[in-house]
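My entries follow the display.

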Amino acid sequence: MQTSDIIKSGITYIEQNLKTDIAAEELANMAGYSVWHYHRLFVKVTGMSVSAYIGKLRLNRALSEIAGGRRAIDVALEYGFDTYAGFYKAFVRMYGGSPKNYLSKSEVSVMFTEKELREILANWDVQQDLLILDIYTMDGTKVSGNVWSIGEDYILKTGSREGILANLKVAKVLAAQGFVASTPVPTKYGEEYLDRGQIVVLTRGIKGNPLSKSDRFGESCREFGKKYGESIAQLHRALTVIESEIQPNEQNLYTHVTEWALLEVRKQNIQFNMGLPDTFFEDYINNFSILFDKLPKQLVHRDPNPSNILFDGGEVTGFIDFDLSERNVRLWDPCYCATGILSEWRGVDDIYEKWPDVLEGIIRGYDNVNPLTFEEKQAVFYVICSIQMICIAYFEGVDKYKELAKTSREMLQFIWENEMHIRKILA
């Protein structure tokens, strides 16, 4: 049997026996392997350990039954938790908030079991016994709760109607321009997506994976930063060509920050003793206003975090998830990529300090392909601060994202403390 078939058999067994005690030893014996070898294969295919996978699946299934109206305590006990408190703590560790708060959020998608996903997949003319797995980065971090890999060639995704349709529109026109993009696979009925109240789409996967932390944070971090920057600039060239076809919403970054995010950060600066001086806010308001109108604006990806940029053989192969695409300052994307990498370095002092090297690589890589204007080079610090202030204001307002708000505050403090270093990069 192929490795994927062996693990698929184990996952099917887990699905069917989720309310009983399941151990890696049991699955290994069924496959005829040692526990060590089976565990290694399981991690390779699923991106996580056997116990972590079972725990994750139990929480997902339990949440689905609670959402269906069953009593939480009854469901928790059925899925192997000794007490509701034990279930509650495990849930908070995985989802960052209580089950009640998680289910009350309008952006939360329906939780699907594998059986339900296979019923959905039957609407496409593809092999029906392909392995269905959650998607994780190479570091073991779950990319999303509503996207799955289907075999080696497809991605199944659900979410907001607006986001999915925007993503499809961008992907199709990018592909028409010869840019690698995850285009939709038509259903058996010739439609681009399945509409079940919540849109579900099957797309062709792009070869590659998000770059591992060991590469992003290693000795070649500046060189990989350059590749991020160059690839974003190449994407921007393609997006410029198709912008008139997309007709994206436009974001006025300066207004968005000064009329909302900055005001919230000023409050949190006092509440959490961040230590930002009044001059930080005054400088942003006064000097960024002078630069902002001169900054080139275009259709941007909007969310080019490291999980949405795929590499293969050390080279960028493509971008995924254009759900949030909008017209904004073009600096947003390279700066957002840099802050996305910084967020993963928080608290690791010997690595954290290397971040300016990554930022320099990204900005110089972008400049090599799409030369930056004088005003853009002056505005990099302000755009990075804009991103962090928006993150701080948004995350603090959502219960399950409080920890991300704390991370974003620490990042802004670090960025402010390294202002001169950041400005010197572009001198």
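These are my notes, topic by topic.

**Ground rules.** The model is predicted, so I took local features only at pLDDT of at least 70 and side-chain atom pairs only at pLDDT 80 or more, while totals for chains, interfaces and linings use all residues. Residues are numbered from 1 along each chain as its sequence is written, and side-chain values use heavy atoms, with hydrogens and water left out.

**Helix α9.** I looked up residues 161–176. Helices are DSSP runs of H or I, at least four residues, and strands are runs of E, at least two, numbered from the N terminus. α9 has 16 residues and reaches 23 Å from first C-alpha to last, close to the expected 22 Å. That expectation is 1.5 Å times one less than the number of residues. Its buried residues include Ile 164, Leu 168 and Leu 174. Buried means under 20% relative accessible area, with a 1.4 Å probe and protein chains only. The buried residues of α9 pack against β3 (154–159), β5 (198–204) and α11 (221–246). Gly 178 follows α9, with a positive phi near 90°.

**Leu 276.** I found Leu 276 in the loop between α12 (253–271) and α13 (278–292). Leu 276 is buried, at 5% relative accessible area. Leaving out residues up to four places away in sequence, Leu 276 touches Val 265, Asn 269, Phe 281, Leu 412 and Trp 416. Contact means heavy atoms within 4.5 Å.

**Cysteines.** I counted 0 disulfides, taking a disulfide as a pair of cysteine sulfur atoms within 2.5 Å. For Cys 221, the nearest cysteine sulfur is that of Cys 337, 13 Å away. For Cys 337, the nearest is that of Cys 335, 9.9 Å away. Cys 337 is buried, at 0% relative accessible area.

Terms used:
Buried means under 20% relative accessible area, exposed over 50%, partly exposed in between (1.4 Å probe, protein chains only).
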